[in-house]
Structure formats: structure tokens, C-alpha cells
Amino acid sequence: MAPPAQSQRSPSPSQPSGKGEVSDLKSQLRQLAGSRAPGIDDSKRELFKKVISYMTVGIDVSSLFGEMVMCSATSDIVLKKMCYLYVGNYAKVNPDLALLTINFLQRDCKDEDPMIRGLALRSLCSLRVANLVEYLVGPLGSGLKDNNNYVRTVAVMGVLKLYHISASTCVDADFPAMLKHSMLNDSDAQVVANCLSALQEIWSSEASSSEEASREREALLSKPVVYYFLNRIKEFSEWAQCLVLELVGKYVPSETSEIFDIMNLLEDRLQHANGAVVLATIKVFLQLTLSMTDVHQQVYERIKAPLLTLVSSGSPEQSYAVLSHLHLLVMRAPFIFSSDYKHFYCQYNEPSYVKKLKLEMLTAVANESNTYEIVTELCEYAANVDIPIARESIRAVGKIALQQYDVNAIVDRLLQFLEMEKDYVTAEALVLVKDLLRKYPQWSQDCIAVVGNISSKNIQEPKAKAALIWMLGEYSQDMHDAPYILESLIENWEDEHSAEVRLHLLTAVMKCFFKRPPETQKALGAALAAGLADFHQDVHDRALFYYRLLQYNVSVAQRVVDPPKQAVSVFADTQSSEIKDRIFDEFNSLSVVYQKPSYMFTDKEHRGPFEFSDELGHLSIGAESTGHASQSSLAIDDLLGLGLPVAPAPAPSPPLLKLNSKAVLDPGTFQQKWRQLPISLSQEYSVSPRGVAALTAPQALLRHMQGHSIHCIASGGQSPNYKFFFFAQKAEESSTFLVECIINTSSAKAQIKIKADDQSASEAFSTLFQSALSEFGLP
Amino acid sequence: MLQCIFLLSDSGEVMLEKQLTGHRVDRSICAWFWEQAISQGDSFKLQPVIASPTHYLFQVVREGITYLACTQVEMPPLMAIEFLCRVADVLSDYLGGLNEDVIKDNFIIVYELLDEMIDNGFPLTTEPNILREMIAQPNIVSKVLSVVTGNSSNVSETRPGATASCVPWRTTDPKYANNEVYVDLVEEMDATINRDGVLVKCEIYGEVQVNSHLSGLPDLTLSFANTSILDDVRFHPCVRFRPWESNQILSFVPPDGQFKLMSYRVKKLKSTPIYVKPQLTSGGGTCRVDVLVGIRNDPGKTIDSITVQFQLPHCILSADMTSNHGTVNILANKTCLWSIGRIPKDKAPSMSGTLVLETGLERLHVFPTFQVAFRVMGVALSGLQIDKLDLKNLPNRPYKGFRALTRAGEFEVRS
């Protein structure tokens, strides 16, 4: 979506409309420009302040550029800062005028005051005018060698800014090498940290075109460099520590002892006052121990307390971000948090998205020892003022019941909900009782007694109504008036707007018919007639199907529609474990807050224009529908008896592998995966002579493979040996393939190694890769 | 990395815009943001991370001012949020409180501060002492002076080479005529009492706040009598880790002025100083409310500023509440606030009254939660006690002051 046009701001009397005032300012500035009268700085300062305030309000004051520059000859640092701010804001749109400022900025870069040198250098680099880059190289070069750390800090960032304006100028001036030298030798920690952040950025974007850069990027993760940073970690500012910790998180130690050394060294970072540092440290701990199950668990134990403190100590904004991470960990290892369940109790004042996270965590950590207390707590929320949360908590009670702990007490609670006389509570509880009965049929007697007392007229919500109807059909032999209730529901067929309810009604009346034929026959006839006349395709088809089944053979019909059921042992999960793992890999990132791996939201292809704003606005509602979709469709399958051994579903034919043409993978993840995954296939192909000929320009191969949805992440080498790293992703899921491909042009052979998230698909992928490669060079 | 920071007033006006990288973020994002904020109401205001169609936004709201940061790339969310919180803290510290007018009057200083706090989207320093050395604080004295003399310079006279001090959080060599240091234990008690009157959760979040005015480079050691009760601790960067790990002693070179030395958590407390017992009985279209308050566990010091408040459910038409002590007010947002103050010696305060329900409703189905506030001066209810404070490297004996305070945090009683 294009951002909406600037909203109309009503002109208030204090805000000038523009023109007149600007030209006023212009003439005033002119008067002051040449003057050297005492006290002139103060009048200038007032004027500058006005200009900047106009700029801040959004009035275009770019026409004053010339005058501002003329007035900038001053020794007053605040005046200078205001001037730099102004220039930085307008230089990009006025490149010609920006040239005017170069002179005074360059002069200031040689000022004796380090503060002014630094500020001038920063502004010079912030002009971001492409044709002025030649003026940057000199000041940056001397800035990097300045004896003042403030100037050096600024200069390092300046190099990065220069790189973004003109990469070639930056590389040609050999700045990356200079940064590397400073990074490893400078005495000031902030300079070192800035070098690290600049180099990471420069080398990552250079890596695709230069092998040297990709080697350098690798070298950042080498043992000496990582240890160098680790040993100095306490010198860094808290923010720079985050940066270093991020780097350490990507480092793969070669020995176990290293892992423990690093963790010992970083342990006190867990008690840092800055939450960002704590979270970054936790990420390092989790990543390092990923392959050591028991240590990994100890890490969970160790990080628990700091995380819980962060949740309770910070501002609400911080708590939420931390809570999202805690949520992720709790979902991965609920048993470790089972004694801390009280931390997940909801507080009255908390916003509902926080409560929702907490409810999910409470559900996850419930076990034999704490179920009673958790359920008691959840039941109190059912009377909550916030209705979505009340619903969520009832659902949570149901989920805990389905986790099979101490169902006895929970069933009583659920049945109490049914008697609470609040329509949404009854509705939620009905759905739960239905699920519960599917898992624990032995409770039917108790439940049916209570459900029988509920008047179907009071139930409006389709899901609840469907649940009630399902129970009526399923337990019609135990519920005295089941046929009559169904009959009255069928009489109101026309008023029933939900197709789901009508489908359930058809099935329920069938089941009832098999159990109590004389009482139900009339209702069945009416239901089938109404169903056949229904405008909804599914309802119509099901009615027709039942009708023909009955015509064919009633006992077969019974076997199909109402077979003896096995209790459901596990309900389908909504989020695949693969996605969860993926989010875990992206710990301490936005992914965790969104509960989606980053490719799902940073990649434009994965989201519709409005999806996000909608989704966030209706967080609870969205989850409601997705959470139940899988269950209700399951229920329908069950009702039809399709899930039974009558006709085993045909084995799905191996699907043709489809790749995602917009796959994204950042180099860091690639490296990490490449180290973690085993080689699943290693093969040698021959390359067609045409392909070899076309390889004189390796870029051509990259483009060609991209056409087949196989993307290159790094390449290099010289004739006759070329080396490429490719990656691809399955179209439907987030499963990734990584390929190392070495092509020897003299022998016309390609050696490939494939690593895959999903090992079983690597054969299919290999075929795909080979066919793509063999087409290379063909006209 | 952050691409842009905006400061918005509580009417949605952009007060300040600071572009951080070459990718200029258009101001229209603020208009989008504000439209969402208006259409979605309060729940939106509380979401710290928001996805707009073009950017990811982080927001922190302080004193009616919204700090909005934008990014288009993946980054640690807590880093952005934590940074915005620090920006708010530093600004409020610098300008002596925050509101729209203060920001508008001092926007040049805000720009200067942001310039030093973040470069190219990556936070540099947020340490107030370092910033104070680079950018002079506009204090009352200089304000008065500027009015008198017409000189409004806010440039610090000494322009040091950024961080000249060897201890980054400490200003270079401050000098005081009277050396003094104050240590405060400030605790907040969070408690939840459920419908059956059972204390389901009770814990304390505490902070050790230090106000230090000491000359030179003093070295302080603070020890506690009973550190074993602490559940988890977090430290200011100045605290040395080893002495704590081996002997539970806080050894540090303090920053100058007010700072938070340590924060801690004590969980599983057994009792609260006061009890609040609400009782609701409804039937026949009305609901009778009785609330009793009294001392459960005398902390030995006066408990004051006691208030009890609850939100009247939507289905209530009118409420008539009275108390035998203190005042009862029904506020505009349907909150019933009972201010008790101190508990008198001779009687137990109680509040009672009747709520009239909407026509058609027989009984009340939504039960209000009572939020309780109180304050106890002179005692840390967690039981944490300071043993002693030693000071080294000081020319003369300084004055040492200790205080303690406990107040209610999220103290809830469900009915």
C-alpha cells in the first residue's frame, strides 16, 4: 500500500502558513550574513532556531539554503549544529547548493576542537549527494587517523555512509582494509564496535561479487576475531555489546570446551541492566548449546530467572518484547517452566495481547502438579470484563483437559461454565465439552446430563450450535428428547444461516435415525428435503449423498455415517514444528514478536497489502478462527466416517517439487545451516560444452539458475575452477536446500553437494538442479 | 537498524523528525500511524511493535509523547524499545520533566542529544554522564541568566574530547564541598488475591537507588545482611561482577548523581501488610458491595496513602457507595475510588453500597477486580537489609544516608 498522503493538518494560528515568513527570514539572514558585530551569534541563533522549527513542522525552507550557508561562518558550536542539521536535511534535494557547503564543512573538519571536527565530518557524510563523494575521501582518511576517539568513531560510520552512496569509491580508497586495521588495533572500544558494524555491512553486500570480501566476512567469524571481541566485551558500551553478542551467536566453536569458556565469560552479562544485552546473551547461550541436549536444558534453567525479572521490571513495552521471547521458550520446553506458572497469571491492567500470551503459556506449562491451581486461576478469568480473554481462558481450560492431566476436576469446572448463564461462556464451553467427549467418551454420562438442560434456543454462535447438534446426534440414545430437539431445529432450517450448522444437523439427524428410527423418521425426511433444496453446495451434496446411501442400503449407511468411534488421542497442531524451529533460530528478532519466521513478513511476496494491519488489530479474533479451523474440519471428517479403515486414503503420489521463486536467505543463516546440516547428496554431473563456453561470464549462470528459482548466495573462482553456493526453498513450506557447486571448465564436470532441511526431498531437488544446469548455455 | 525517529505530540503532530540513514522515511508514516491509533483506540497505543504497510514501527509512550522509530530490516526488537526508553529517560532528565511544550522549546537540544545517541541507526551512547559532557544541560540558572543577560548559550564551556574519563559512566573528576551519598531501597509489592481470598501470588520487585555526590574517583562497597532471599538481580554496568559472585558484595565506582545501582526480585512472600475483603451479593437487579480493609501483618511503620479502586462493570446503571472512613468518589471513567489514607486505630474502614444493574439483568456476571495502593515509609517489606557501606579513595568522611520505602505495585483483589 502506498502510504496515505499527508493528512490535512488544520492550520493553527501559531503555525505560519509558509511563504511570507520564509521570505522574511531570508532577508533577515542576509542582513546577518556579513556582519561581525558583537552579539551577532545570538541573533543568528534565534533565526536559525526559527528556520529549524519551520523545517520540523514540515514547512519547506529549502529556499534559504544559500543564506544559511552564508551565515554558517561562526565559531558557535550550537549554531554550527543547527546549520549541519539544516544542510543534512536539504542537501539531497538541492545537490547543486550542497556543493556550497562542502567548503565550510571541509574547513571545519580541520578545526582544532575535536567535537567540531567530528560533527563536521558526520554532516559531510550525511549530505548523501552522489557527485560530491570525491570530497569525502580526504576528510574521512584523516578522520580515521585522527588522534581523538570521537572523530575516529564518526569517521568509521562515515565510511559506511560513503559506501552506501558510492560503494566503488569506498572500496577503491581501500577504506575496508583501514577499518579492519582499526577494528583490531584501536584503543577505543566504540571505534572498534563501529568498525565491526560497518565491516559487517560492507562485506556482506560485497560478498556476492567478490570472493575476497566473502573471505573477509568469514574471517569476522573466525576464532581469533571472536575471541578478541569477547575479551574486550566489558569495555564496550551496552549497545556495542549487543553487536558483539550477535557476532558471537553466529560463531560455531570447534570444541566443547570453547562453548563452556564462552558461556563462563558471558555469564555476568545476564545480569546487565540493559534488557537488550540480556536477551542477546541468552541467544548466544541457546545457539551454542543447541547440539548438547542436557547442557541446553541447564541453559534454560539458568536464563529463566533473568527473563522473568526482565518481564516484571521493565516498562510495559519492554515486558511485551521479553514476554514474546519467553513465550517461545516456554512453548519449546514447557516442563522447565512448570514451577513458575504463577508468573504467567494475568494482571487486571495488562493489555489483552499480553494476557493472550500468558494464557498460552499457562496452558503449556500445566502438568500433574500444578493443573489444579492453574485451572482455578483460569476459571476466575472466565468472569473477566474482557470478553475475548474470558473466551480464551475457557479454551485454555479445555486445552489443559485435552492434555490429559487430572481431567476429573476439569470436567466439573467446564460443566460449571455451562451453568454460568453467559451466552459466550456457554458457547465456548459447549465446543470444549464436544472435544472432550471425543477424547474421553467415558465422561459422556456426566456431560450429557448437563448439556441436555441447555436450551438450543439460547445458543446463537454457529460453532457452539454445531457442537451441541453433534452431541445430540452422537448421544441420541442417552438424551431423552434428542429427536425432538433436532426436529425443532430442522423446522427452523430456513433461519439457520451457517452452512456448518446445517451440515451438522444433517449428520446428527442421520445418526439419531439409526438409533431411534421411529421417532426420527419424520425429522430425517424433512432434513433431507430441506438439504436437497439448499442453495449451499456442500449441504446439498451431503443431503444427496445421504439420501442415496439410505436408498442403497440402510446398514451400509449406518456403517458410513455412524461407525463406532475411536477416541481421538491428539488433535492436530496449528503451527508446524518446522516453523517453530525456524522462529527459534531467529531468537532476539522481530520474528519472535510476530510468531512467524522473518521471511514470512520481511518478504513482500508473503503478505497481502493489508494483512498486517488487520492481523494486529484483531489478534485474538484471527487466532480464534485459525485455531478451530483444523478441528472443525476434522470433526466433519469424523462425522462422515471418512477417517475410518473402510477405505484407506490412497497414498499421496510424490508431489512434484516446486521451488519458491522469491526465496530469501541471509548469508549468515546460510553459513549456519551449511555447518549444521549433513550432506544429503553428493554428485557429479557433466556440463554441456555450450554451458562451459557460456561460463566465461559466471554471472550468466547465476541469472540462469535464478530463472529456475535457484538463487546464488556466493560465487567465486577463476578459470578453470568456479565455485558457487546456491540455495532454494520449497514453494509451500520453508524447507531450504543448500548447494555447493564446483564447476571445472576444462573437464566439463560439475561436482555438487546438497544439504537440505528435508532430506527426503533432496533427490527430487537434485534432479531439478541437474536439469536446470544442463539447460545452461542452450539458446 | 533504525532508520528514523519521530516524536509525536498527543494530538499526533510531528514535533521532531530525525532521519538516521540514507533511506529517508517519509513523514506520511506518522499520519498512517496516527490514523491507526485513533481508529483502534487504547489497545493500539500499548503495542510496542507495529507493522505498517511499509515499515516496522516501534513505539514508546511517555507523558503523552510518542517516540516512534521505523525500520525495514530485521533487528532485535528489545534493542529498539530499550533504546527509545533510554531516549525518553535522557530527555526527561535533561529537560527536567517532559511535555509537549518543553520539547518544542528545546528541540535544538533534543536534536543535539539524538545526534550523539545514535549514528547511522545504531545506538552509540545513552549514558547521561557522557552526554552531559558533550551537550550542556539547560538548567534553571542558565534560563534565568539568559533572561537577564539576553545570552542564551547552552554550550558547555569545557568541550572535552568525548569520553575523556577512564570510567565511562563517571564524569571526569567532579568536586563537591560536601561529600554525600544516599542509598534508598525502593520496593514494589505485586500481589494477587483470588476470589476465595487466597493469596495466589505475592512478590517484590525492588531497586537500590543511589544518589552520589562524591569528589574524585571513590570506590564503594555495599553489603547486605541477607542476600539469600534475593531471587534474581540485575546491576548497573558499574558493579563489579566477581565480588558479588563470591561474597555477594556490591563493589563499584559510582556514576555521579542519581542512578539505579541494582534491581532485584524476591518471590513467594507469604503475607501482605493489609487485607482487603470485598463481598458482592447480587439478586433482583441490584448488587450489594461490601469492602473491608484492615492490617493483616503490621510492618511496624505507618501504612499510608491507602486507596482501593475498582472499575464498575458496563452493565451498571448507577452506584451508591459510602464509607465509614475516607472518601469515596465515582470518577468519570466509571472507576470507583475509595481513598482511605491511614487506617485509624479505633475502627476498621469499610465501604458499602448498592449497584443498580441494567434492566433485564437479574444478577451480576462480571466481577470487578479491586486494585489496592499503599505506601510504607522506612521499611523494605522483602526483608532485605543493608549491612554497611564502605567508601574508599575519599579525602574526607562523607555523609551517608539510608532510606527504605515499600509501595503497592500491581496489588489486586478479585471478587
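1. What share of the contacts in chain B with a separation of 6 or more is accounted for by residues 24 or more positions apart? The share is 69%, where a contact means heavy atoms within 4.5 Å.

2. This is a predicted model, in which local features need pLDDT of at least 70 and side-chain atom pairs count only at pLDDT 80 or more, while totals for chains, interfaces and linings use all residues. Residues are numbered from 1 along each chain as its sequence is written, chains are lettered from A and ligands numbered from 1 in the order in which they are written, and side-chain values use heavy atoms, with hydrogens and water left out.

3. Chain B contains eight helices and 23 strands; these are DSSP runs numbered from the N terminus, helices being H or I with at least four residues and strands E with at least two. Along the principal axes, the C-alpha atoms of chain B fill a box of roughly 75 × 55 × 50 Å.

4. Of the 415 residues in chain B, 55% are buried. Buried means under 20% relative accessible area, exposed over 50%, and partly exposed in between, with a 1.4 Å probe and protein chains only. The accessible surface of chain B is about 17100 Å², and carbon and sulfur atoms hold 49% of that surface; the areas come from the Shrake-Rupley method with a 1.4 Å probe, and for residues only the protein chains shown count as cover.

5. An open sheet of nine strands in chain B has mixed pairing and the order β11-β13-β9-β8-β23-β21-β16-β19-β18. Two strands pair if DSSP finds at least two bridges between them. At the edges stand β11 (232-235) and β18 (327-330) of chain B, each of which pairs on one side only. From one strand to the next, the twist averages 15°.

6. Within this sheet, β16 (residues 303-311) and β21 (residues 369-377) of chain B pair in the antiparallel sense over six bridges, and B:Phe310 stands opposite B:Phe370 in β21(B). Helix α17 (residues 293-313) of chain A packs on the sheet, touching β9 (199-213), β11 and β13 (257-266) of chain B.

7. β18(B) and β19 (residues 335-341) of chain B pair in the antiparallel sense over four bridges, with B:Ser339 as the bridge partner of B:Thr327. The two strands form a hairpin with four residues between them, and B:Lys334 in the turn has a positive phi of about 65°.

8. An open sheet of four strands in chain B, with antiparallel pairing, has the order β14-β15-β20-β17. Because β14 (274-283) and β17 (316-323) of chain B each have a single partner strand, one side of each is left without a neighbour in the sheet. Strands β15 (residues 286-295) and β20 (residues 350-357) of chain B run antiparallel and are joined by seven bridges; B:Cys287 stands opposite B:Leu355 in β20(B).

9. Two residues of chain A may be noted. A:Ser123 lies in helix α6 (residues 114-126) of chain A and counts as buried at 8% relative accessibility. Not counting residues up to four places away in sequence, A:Ser123 touches A:Tyr84 and A:Leu105. A:Gly88, in helix α4 (residues 77-90) of chain A, is partly exposed, with a relative accessible area of 24%.

Methods. Axes fitted to C-alpha atoms, helices over the stretch in contact; angles between N-to-C directions.
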